[in-house]
Structure formats: structure tokens, C-alpha cells
Amino acid sequence: MILEVNGVKFGYNGKAVLKDVELDVKEGEMLVILGPNGVGKTTLLRCINAILKPKAGTIMVDGKNVLKMEPKAIARRVGYVAQYQARTRMTAFDAILMGRKPHLRFRTSEKDLRMVDGAIKVLGLGELAMRHIDEMSGGELQKVAVGRALVQEPRLLLLDEPTSSLDLKNSMNILSLIKRVVREHRVSAVMTMHNLNTALRFADKFVFLKGGTIHSAGEIRDVSADMIKDVYDIPVEILHHKGRPLVVPLN
Ligand SMILES: Nc1ncnc2c1ncn2[C@@H]1O[C@H](COP(=O)(O)OP(=O)(O)OP(=O)(O)O)[C@@H](O)[C@H]1O
């Protein structure tokens with residue numbers, strides 16, 4: 001198991017957001033955390049990489065408790081693509097190279113540069129590599145953030161709404177790329193997503209968050225219209241197209 005979350009509780013200013021969360025993710029698996037606005041999806045991702053410290057519970061990555069690790073040790077294991085990216089005065093190349101920081105020794109190595117070049121190519125950022133990221137569109141910046149997380153070579157990738165600024169083709173390409181990396185490198189990914197159809201298409205497993213706990217969880221084929229109605233308070237029908245579930249809202 002790459003990620004094991006048990007009994008996690010977290011609140012802001014005494015107001016509980018996560019009351020008792022548990023989940024796990026195996027090698028080669030992508031898990032999607034689903035649930036309505038404000039339910040605590042981002043909070044949970046931030047607890048998993050210890051940006052936020054839970055009030056109770058354990059978070060094990062590769063059998064080690066991240067809550068007891070130094071930030072650099074966490075960064076060697078966990079890559080995080082935040083929902084919003086900081087727009088600093090830095091080229092896309094340098095921003096992606098920053099992902100190598102947890103692995104750097106004295107100076108940038110051939111391998112570091114090769115990995116950054118590879119990420120730029122595979123993300124289709126070639127023409128933008130020397131552009132400053134404070135002069136990029138939201139989608140371009142989101143791709144840079146994914147690139148930075150990939151060159152980090154993490155065991156666990158945390159992706160907060162990774163396609164929120166991407167068009168349809170870029171969304172499909174980026175999620176296919178992440179899925180391929182997860183499979184081929186035997187790592188894991190946990191993502192949050194509002195688009196249920198995209199989530200169900202790419203994830204292997206899901207959890208629905210409701211009221212600070214896991215409302216339901218399982219394989220993608222277990223997602224039901226009743227769960228969605230219960231969690232999002234909207235009636236839906238689940239159709240199947242070429243073997244894939246398609247969620248259609250009924251009002
Ligand atoms: N820094 C903060 N201080 C106080 N409350 C916060 C803070 N960040 C988030 N919250 C509150 O905690 C709850 C969970 O927020 P979170 O961002 O984790 O939800 P989410 O499920 O990711 O939402 P969305 O789908 O809208 O991005 C919300 O009620 C939010 O208002």
C-alpha cells in the first residue's frame with residue numbers, strides 16, 4: 001500500500017472539517033476524492049502531505065508516517081499540484097526544475113535537466129519553456145505545475161482539480177499522461193475533481209466525502225445514482241457508453 005490514511009481529524013479555528021477520514025491507495029492506482037464545494041477535499045490533500053497538521057490520525061506513505069517526517073523527506077515521496085498556482089517571475093523551465101529540488105545534491109545534474117526536458121516535451125510546453133510563468137494562461141500554468149510534480153519522481157501524486165483550467169483535449173492528455181506514469185512507475189495518485197464524468201473515466205477508485213467522513217468508497221463501477229443524489233443533492237441517471245459510466249443530471 002502506498003498511502004494509508006486512518007482516523008484523520010482536522011478543523012479550522014475549532015470548526016471540524018474532517019471528522020474521521022480513512023482511505024488507502026495501492027501501487028499503480030488512481031483514487032479520486034469527490035464531494036460538493038467546501039466539503040474538505042483540499043483540506044484532506046493538504047493533510048496528506050502535512051501542509052496542514054491533523055488533530056488526530058495517521059498518514060502513512062510507503063509505511064512511514066508523514067506527520068513525523070521533515071519537509072524535504074516528504075517532498076521526496078509526495079508531489080502536490082495545488083488548485084491555484086503562484087505566479088512568480090520565473091521561466092517555465094526553472095519552475096519545473098524546482099521539482100528536482102528534493103533530490104538535488106550540490107548542483108543540477110544531467111539527469112535533472114533530462115527529466116525537465118522530457119516533462120516539457122511530453123506536456124507540449126516546448127514553445128513556452130523560456131516564458132515567465134507570470135505571463136502564462138491558467139491552463140499553461142497548470143501544465144507547468146503538473147510537470148514540476150512529475151519530475152519530483154514522487155511515490156504519491158496529489159492533484160487538486162488538476163484539469164480545472166484545461167480545455168477538453170488538454171484535460172484528456174494530462175490525465176492520460178498521469179495515468180500512464182502511475183501505472184508504469186508503480187506509484188499512486190490521489191486527485192480531487194468536480195467533473196464526475198472525467199473522474200469516473202480516469203480514476204480506478206473513488207471516495208465520496210460528506211459531513212467530514214467517507215460517505216462511500218469503492219471501485220469506479222460501484223458508483224451509483226443514489227450515492228450521487230445523497231452527496232450532491234441532485235438526481236442523476238448513470239448511463240453507459242462504450243463500457244464507461246456517464247452521469248447525466250436529471251434537473
Ligand atoms: N484557511 C482556512 N481557514 C478557515 N476555514 C477554511 C480555510 N480553508 C478552508 N476552510 C473551510 O473549510 C471547509 C473545507 O474547505 P476545502 O477547501 O477543503 O473544501 P473543498 O471540498 O476542497 O471545496 P471546493 O470543492 O470548493 O474546492 C470549507 O468550509 C472552507 O470554507
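Strands (E, at least two residues) and helices (H or I, at least four) are DSSP runs, numbered from the N terminus.

This is a predicted model, in which local features need pLDDT of at least 70 and side-chain atom pairs count only at pLDDT 80 or more, while totals for chains, interfaces and linings use all residues. Residues are numbered from 1 along each chain as its sequence is written.

**The open hairpin**

- E11 is joined to strand E12 (residues 244–249) by 6 bridges, and the two run antiparallel; strands count as paired if DSSP finds at least two bridges between them.
- Within this pairing, Glu237 has Val248 in E12 as its bridge partner.
- The two strands make a hairpin with 2 residues between them, and Lys242 in the turn has a positive phi of about 50°.

**The enclosed strands**

- Strand E3 (residues 30–34) runs parallel to E8, with 4 bridges joining them; Met30 has Ala189 as its bridge partner, and Val32 has Met191.
- E7 also pairs with E8 in the parallel sense, over 5 bridges, and Leu157 stands opposite Ala189 there.
- E3 is itself mostly covered, with 4 of its 5 residues buried.
- E3 is also joined to strand E9 (residues 205–210) by 4 bridges, again running parallel, and here Val32 stands opposite Phe206.

**The nonpolar core**

- The largest nonpolar core has 71 residues, and those with the most contacts inside it are Val32, Ile96, Leu156, Leu158 and Val190. Such a core is a set of buried Ala, Val, Leu, Ile, Met, Phe, Trp, Tyr and Cys residues joined through C-beta atoms within 7 Å.
- Helix H5 (residues 138–151) gives the most to this core, with 7 residues.
- In soluble globular proteins, nonpolar side chains tend to be buried together.
- Leaving out residues up to four places away in sequence, Val32 touches Met191, Met193, Ala199, Ala203 and Phe206; a contact means C-beta atoms, placed from the backbone, within 7 Å.

**Around the ligand**

- Tyr12, Asn13, Val17, Gly35, Asn37, Gly38, Val39, Gly40, Lys41, Thr42 and Thr43 surround the ligand. A residue is near a molecule if its C-beta atom, placed from the backbone, lies within 6 Å of it.
- Helix H1 (residues 41–48) gives the most to this shell, with 3 residues.
- By class, the shell has 3 nonpolar, 7 polar and 1 charged residues. Ala, Val, Leu, Ile, Met, Phe, Trp, Tyr, Cys and Pro count as nonpolar, Asp, Glu, Lys and Arg as charged, and the others, Gly among them, as polar.
- Asn13 sits in the loop between strand E1 (3–12) and strand E2 (15–25); its phi is near 50°, a positive value in a residue other than glycine.
- Asn13 is exposed, with 4 other C-beta atoms within 10 Å.

**Other residues to look up**

- Glu161, in the loop between strand E7 (156–160) and H6, also has a positive phi near 50°, and Glu161 is buried, with 20 other C-beta atoms within 10 Å.
- Glu184 belongs to helix H6 (residues 168–184) and counts as exposed, with 9 C-beta neighbours inside 10 Å.
- Gln85 lies in the loop between strand E6 (78–81) and helix H3 (92–97) and is partly exposed, with 17 other C-beta atoms within 10 Å.
- Leaving aside neighbours within four places in sequence, Gln85 is in contact with Leu141, Gln142 and Ala145.

**From the record**

- UniProt, in an unreviewed entry, places the feature "domain: ABC transporter" at residues 3–236. UniProt positions are given in the numbering used here, feature names are shortened, and annotations may be inferred rather than shown by experiment.
- That span is 34% helix and 26% strand, and its end C-alpha atoms lie 31 Å apart.

Methods:
Buried ≥ 20, exposed ≤ 12 C-beta atoms within 10 Å, placed from the backbone. Contact = placed C-beta atoms within 7 Å.
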